[in-house]
Amino acid sequence: MQQEQLVQAITKLVVEQLKNTGAETACEERIPIGISARHVHLTQEHVDELFGKGYQLTKKKELMGGQFASNELVTLVGTKLRAIENVRILGPCRKASQVEISKTDCIKLGVKAPIRESGKIEGSAPIAIVGPKGVIYLEEGCIVAKRHIHMSTEDAKRFGVTNGQSVKVRFDNDRGGVMEDVIIRVDPTFTLEMHIDTDEANGLGIGKDMGILIK
Ligand SMILES: [Zn+2]
């Protein structure tokens, strides 16, 4: 009888340990979500035109990969002169200016921005940007950012994925759902975070929820 109790106790222990291991594994696969609001990247020349010659963007908040949210805001103007005010500039300056908006913003502005990975702006939508000291007109550069996951080299190894790979991410929140074609971006300076825009977040009711990577 005592032996039976012992077996039961051991079984219970083992089962609980297995449960715990399972929980840990599941936890490791969870990806924090960063919701990107509309924003602008600018060349120094364009900063000069919008804010005055030699103007330097000032840091409001550090972001990953050496980027920062600046204190400077601009107004986006689409066709038919429809505008969105108070759009934040992300620094530091880049080699090409780029405007990232949501599909809802596209409707508001009357701009047909394609879904693109950051930096791939060739043939993207035109847009005008208004600053306190001037206006610039971009022939191309307005995109809807393609959702992606930033991760370090170690994270990529752990998840068994490579840079540029397309994966799916599941959300087990109130609405729930799976996002397909999420691009993996690997860099030693990146911390694990999935970037989606406000439309994608609102569509699935995502707040502080975590995504689960599925290949
Ligand atoms: Zn990102």
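Which residue takes a positive phi in the hairpin of S3 and S4? The views below, all drawn from a predicted model, begin with that hairpin.

**View A. The hairpin of S3 and S4.** Strand S3 (residues 59-62) pairs with S4 in the antiparallel sense, over 3 bridges. Lysine 59 has serine 70 of S4 as its bridge partner. Between the two strands lie 5 residues, and in this hairpin glycine 65 takes the positive phi, near 70 degrees.

**View B. Helix H2 and its buried face.** In helix H2 (residues 44-51), the buried residues are His46, Val47 and Leu50. Viewed down the axis of H2, these buried residues fall within an arc of 105 degrees, so they line one face of the helix. Their cover includes strands S4 (68-77), S8 (125-130) and S9 (135-145). After H2 comes glycine 52, with a positive phi near 110 degrees.

**View C. The largest nonpolar core.** This core has 26 residues, of which Val40, Val74, Leu76, Ala113, Ile127, Ile129 and Cys142 touch the most other members. Two or more residues come from each of H2, S4, strand S5 (83-91), S8 and S9. The most are given by S9, which contributes 6 residues. Another core, of 15 residues, lies apart from this one and includes Ala156, Val169, Ile196 and Ile206.

**View D. The surroundings of isoleucine 127.** Neighbours within four places in sequence are left aside here. Isoleucine 127 is in contact with Leu76, Gly78, Val99, Val111, Leu138, Gly141 and Cys142. Among these contacts, Leu76 and Cys142 also belong to the group of core residues that touch the most other members.

Key:
Residues are numbered from 1 along each chain as its sequence is written. This is a predicted model: local features need pLDDT of at least 70, side-chain atom pairs count only at pLDDT 80 or more; totals for chains, interfaces and linings use all residues. A residue is buried if 20 or more other C-beta atoms lie within 10 Å of its own, exposed if 12 or fewer, and partly exposed in between; C-beta atoms are placed from the backbone. Helices (H or I, at least four residues) and strands (E, at least two) are DSSP runs, numbered from the N terminus. The arc is that of the directions from the helix axis to the C-beta atoms. Two residues are in contact if their C-beta atoms, placed from the backbone, lie within 7 Å. A nonpolar core is a set of buried Ala, Val, Leu, Ile, Met, Phe, Trp, Tyr and Cys residues joined through C-beta atoms within 7 Å. Two strands pair if DSSP finds at least two bridges between them.
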